[in-house]
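Visitor: I am new to reading structures. Could you take me through this one?

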Amino acid sequence: MVKFICADSETEAGRVAAEIMAEVIRIRPDALIGLATGSTPINMYSYLADMYRAGELSFKDVRSVNLDEYVGLPPTHVQSYAHFMSENLFSHVDIRAENCHIPSGTADTDAECERYDRLLDRLGRVDIQLLGIGHNGHIAFNEPDSHFPKDTVRVRLTDSTVEANSRFFASRDEVPTEAISMGIGRILRAKRILLLATGAGKADILERALFGRITPAVPASILQFYQGELTVVADRPAMSVILSKHPDVLT
Ligand code: PGA
């Protein structure tokens, strides 16, 4: 079942996504939430922090797992995803550090993939998994490939992803070329998925992913086989191609 929510603006998309996440946490205060990085969820995290500050939401017993991390970056590196999470959410709310899980970018990568999978096994199914989508259709760092990885994997980032992410680094040469990423099979185990997309640049890929051929060349297309509750929150520019080709999705 896919539910589409078209927000009037990028900010509004973040607010709607935050409300959905907050609702899951209010119903289950020790929810296991799956978190993502990138530009897209920043607004959402800011709304969640606002809710905490306003006394409307507590993360005291919430547990979190992140999708991915760059290989080679320690948590102290400003572009590491551990740092991103701290800056954008964790340091602003009452979540406990020991409940926040992110793959390590500096541990032995193969051993870390194994450790992360055992951790995910122990934690059980994610109550709600937040996902962004890359311009190439990646989810987490599962890049276009000939197969859908099942477990946590070491991935080589495509040139387009390195290029897209270079905007955060001083130069393209500083962008790590490898990452550790939760595999597609792991992502699909979540009870619920919240896919958040904003901006016209995501319009084509969002439509291809959710209505096109299901192929590992477009990793997010596997979401069409997802058995849980998929909610797609997108602003109008990101929804534009879907709305022009499939105008009924909002009814
Ligand atoms: P973005 O990245 O939010 O920075 O566009 C999304 C993604 O690559 O998953």
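Guide: Start with a polar contact, a pair of N or O atoms within 3.5 Å. Here an N or O atom in the side chain of Arg167 is 2.9 Å from an oxygen atom of the ligand. For Lys202, a side-chain N or O atom is 2.6 Å from a ligand oxygen. Ser39 uses a backbone N or O atom, 2.9 Å from an oxygen atom of the ligand. This is a predicted model: local features need pLDDT of at least 70, side-chain atom pairs pLDDT 80 or more, while totals for chains, interfaces and linings use all residues. Residues are numbered from 1 along each chain, and side-chain values use heavy atoms, without hydrogens and water.

Visitor: Which residues surround the ligand?

Guide: A residue is near a molecule if one of its heavy atoms lies within 4 Å of it. The ligand is surrounded by Gly38, Ser39, Thr40, Gly132, Ile133, Gly134, His138, Arg167 and Lys202.

Visitor: How many salt bridges does the rule count?

Guide: A salt bridge is a side-chain nitrogen of Lys or Arg within 4 Å of a carboxyl oxygen of Asp or Glu. The count here is 21. One of them joins the side chains of Arg28 and Asp127, at 3.0 Å from N to O.

Visitor: What does the pair tie together?

Guide: Arg28 and Asp127 both lie in loops, so the pair ties together parts that are 99 residues apart in sequence.

Terms used. A polar contact is a pair of N or O atoms within 3.5 Å; within protein, one must be able to donate a hydrogen and the other to accept it, and residues adjacent in sequence count only if both atoms are side-chain atoms. Helices (H or I, at least four residues) and strands (E, at least two) are DSSP runs, numbered from the N terminus.
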